[in-house]
Amino acid sequence: MRALQHPEVDSVELTTVLSALADPVRLRIVAELARAGGVVCGQFDVPVSMSTLSHHLKVLREAGVLRVTPQGSYRTHELRMDEMERRFPGVLRSITEATAS
């Protein structure tokens, strides 16, 4: 399994993060990650095909919102909550709290 690139948190732009979070499916993915901590790719509960899910996960990863970690033959996805909190205090936390209700 090839390693995936994650942007350095200092290079992440707020507009990129907000744009990635503007899509309802990606927002649902982020809410699910906030609740679960880490989710294996095929275990997301979203109404899209696997290829579309992969695209949404790529957008979130490239925006710096999530980290993908290889775990044997699968990948675990988790929010970069602490890093995003340092870069943009309160933004991701507010969004995840708003989606929890």
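Trainee: Which residue is the bridge partner of Q71 in strand 3?

Mentor: The strands of a sheet pair through backbone hydrogen bonds, in either a parallel or an antiparallel way. Here the bridge partner of Q71 in strand 3 is Y74. Strands (E, at least two residues) and helices (H or I, at least four) are DSSP runs, numbered from the N terminus. Please note that this is a predicted model: local features need pLDDT of at least 70, side-chain atom pairs count only at pLDDT 80 or more, and totals for chains, interfaces and linings use all residues. Residues are numbered from 1 along each chain as its sequence is written, and side-chain values use heavy atoms, with hydrogens and water left out.

Trainee: In which sense do strand 2 and strand 3 pair, and over how many bridges?

Mentor: Two strands pair if DSSP finds at least two bridges between them. Strand 2 (residues 66–71) and strand 3 (residues 74–79) are joined in the antiparallel sense by six bridges. Within this pairing, P70 stands opposite R75, and V68 stands opposite H77.

Trainee: What is the order of the strands in the open sheet?

Mentor: The sheet has three strands in the order 1-3-2, with antiparallel pairing. Its edge strands are strand 1 (38–40) and strand 2, each of which pairs on one side only. Strand 1 pairs with strand 3 over three bridges, and V39 is found opposite H77 there. On average, neighbouring strands are turned by 30° against each other, direction ignored.

Trainee: How many residues does the largest nonpolar core have?

Mentor: In soluble globular proteins, nonpolar side chains tend to be buried together. A nonpolar core is a set of buried Ala, Val, Leu, Ile, Met, Phe, Trp, Tyr and Cys residues joined through side-chain atoms within 4.5 Å. The largest one here has 26 residues, and L21, I29, F44, L60 and V65 have the most contacts inside it. Among the elements that each supply at least two residues are helix 1 (14–21), helix 3 (50–62) and strand 2. Helix 2 gives the most, with four residues.

Trainee: Which residues does F44 touch?

Mentor: Contact means heavy atoms within 4.5 Å. Leaving out residues up to four places away in sequence, F44 touches I29, E32, L33, V39, L53, L57 and H77.

Trainee: At what angle do helix 1 and helix 5 pack?

Mentor: Axes are lines fitted to C-alpha atoms, for helices over the stretch in contact, and angles run from 0 to 180 degrees between N-to-C directions. Helix 1 and helix 5 pack at about 15°, with their axes 12 Å apart. Helix 1 is therefore roughly parallel to helix 5. Angles under 35 degrees count as roughly parallel, over 145 as roughly antiparallel, 65 to 115 as roughly perpendicular and the rest as oblique. L14, L18 and L21 of helix 1 make the contact with V91, L92 and I95 of helix 5.

Trainee: How does helix 2 lie against helix 3?

Mentor: Their axes come within 10 Å and cross at roughly 75°, which means that helix 2 is roughly perpendicular to helix 3. The residues in contact include I29 and V30 of helix 2 and L57 and L60 of helix 3. Helix 2 also packs against helix 5, at an angle of about 90° and with the axes 9 Å apart. Helix 2 is therefore roughly perpendicular to helix 5. In this second contact, L27, V30, A31 and A34 of helix 2 meet L92, I95, T96 and T99 of helix 5.

Trainee: Is A63 buried or exposed?

Mentor: Buried means under 20% relative accessible area, exposed over 50%, and partly exposed in between (1.4 Å probe, protein chains only). A63 has a relative accessible area of 2%, so A63 is buried. Its place is in the loop between helix 3 and strand 2. Apart from its neighbours within four places in sequence, A63 is in contact with P7, V12, T16, V17 and A20. By comparison, T16 lies in helix 1 and is partly exposed, with a relative accessible area of 36%.
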